[in-house]
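Below are my notes on the model, as numbered points.

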Amino acid sequence: MRTGELGFWWRSLEGPPPLRPALEGPLEVDVAIVGAGYTGLWTAYYLKRADPSLSIAIVEAQRSGFGASGRNGGWLTSSFSGPAQTYERRRAGGAYLQLQRAMFDTIDEVAAVLASEQIEADFVRGGHLSVALDHAQAEHLTDHVREMRSLGVGEADLSELRAEELAVRMRIAGARAAIFSPHAARIHPAKLVAGLAQAVERLGVTIYEQTPVREIERHVARTHSGDVRARWIVRATEGYTRSLRGMRRELAPINSSMIVTEPLGADVWQEIGWRGCEVLDDGAHVFVYLQRTADGRIAIGGRGVPYRFASRTDGEGATAAATVDSLRAKLHAMFPATAGASIDHAWSGVLGVTRDWCVSIGADTDADGGLAWAGGYAGEGVAAANLAGRIIRDLLLDGRSPDDDSTPLSELAWVGHRARSWEPEPLRWAGIRGVYSLYRQADRIERRVGRASRLGRLVDAVSGRG
């Protein structure tokens, strides 16, 4: 089994493409984007499509897709992070439903761009299944559907499945029930980010790799090679925001780990089913997420070691043996037919989380302007980053958007939302590690007693997730 090395997705492409040149000196452009992940690339794509006269540069510390964009679970899903009530408080008139509808539409939008730009990213729109593996998880899923109904999400967008209905799609050991949304697709993360980088370059955007930005101010991004000056600086650094001067407490880099099996035989797939390539998770507090890959593997991920002291990140993504063992055991428990399959690769990456778990997108709106940002997807950023890119386009171009939405994108509840800063160390480390420890304890209690625990709801409230 291989571990780290940027992860399986890049390895399946025989490694990432050659590094692009670094910035060699000071630069002046209309828009400078810091970070060449999904957020930065989508932002550049939509800005350049809307106004081809703009000069746009992306400045990346490592290589395009080095972070979560090249290491994630391959879920293009309409789910997004943050408690519904937080968004509802920010905007009157069904703010959460407006966001949810925009995310539903985002799946179609990404599919359209993949087709128009001829990006082959293993896209299969199979939908999203959340599965209850015990009675308590079934309660969680029922509660979630009840909340979504109260917010206006109907049966066509989110439906409940009995165990026998789930078995028609796939056979999961111990599954009690499930919920299904058609608004999701399976993708290959590295193919998407590599294809998107090539698409923005065709439009005339320049990507500088191997160029860390150490500080962002209005109209300027400071690098060791010189200052990048622009009418707008866009911060698209997500889980790596802590590397910018003065921003260590803006977003917490939460670790997520994955393993992938060898290609499974036809007999194994015959037993499992899963012909629809739905993306899949379970209903636990500390959940796992899975996909069936285009070459017949199962990739499964979970939190592992959730946080490192002082927001440290491991660039190569080495994964602890205990995390690999835990994910392997979960895979075999859900799909016993995989018991004989070897694990081909294990890797890890970080995702950015705000203190209230809500996405934050914005731009300085006074006369001077100069700074925009997006991030805090909390692990649900593959599709959310596309919507964020379109929102930033509208904010920077004063709402001049080709989209025809009932609610302008620049008025969605993500826009202008700012969470309070994370606690300083060692409180941040103790708090985050403590929260995940309590979530694991809540899962153990629920498996034992067979019903939802008060502990889980309490931790949701304390952590900001509920």
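1. The protein chain exposes about 18,300 Å², of which carbon and sulfur atoms supply 50%. Accessible areas come from the Shrake-Rupley method with a 1.4 Å probe. This is a predicted model, in which local features need pLDDT of at least 70 and side-chain atom pairs pLDDT 80 or more, while totals for chains, interfaces and linings use all residues. Numbering starts from 1 along each chain as its sequence is written, and side-chain values use heavy atoms, without hydrogens and water.

2. Of the 466 residues in the protein chain, 59% are buried (under 20% relative accessible area, 1.4 Å probe, protein chains only).

3. The protein chain has 12 helices and 19 strands (DSSP runs: H or I of at least four residues, E of at least two, numbered from the N terminus). Its radius of gyration is 21 Å, close to the 23 Å of the globule rule for 466 residues, so the chain is as compact as a globular protein of that length. That radius is taken over C-alpha atoms, and the rule is 2.2 Å times the number of residues to the power 0.38.

4. Helix H11 covers residues 427-449, and its 23 residues reach 32 Å from first C-alpha to last, close to the expected 33 Å (1.5 Å times one less than the number of residues). Gly450 follows H11 and has a positive phi, near 80 degrees.

5. Among the buried residues of H11 are Arg428, Tyr436, Asp443 and Glu446. The buried residues of H11 pack against helix H5 (135-150), strand S13 (252-261) and helix H12 (454-463), with contact meaning heavy atoms within 4.5 Å.

Key:
Buried means under 20% relative accessible area, exposed over 50%, partly exposed in between (1.4 Å probe, protein chains only).
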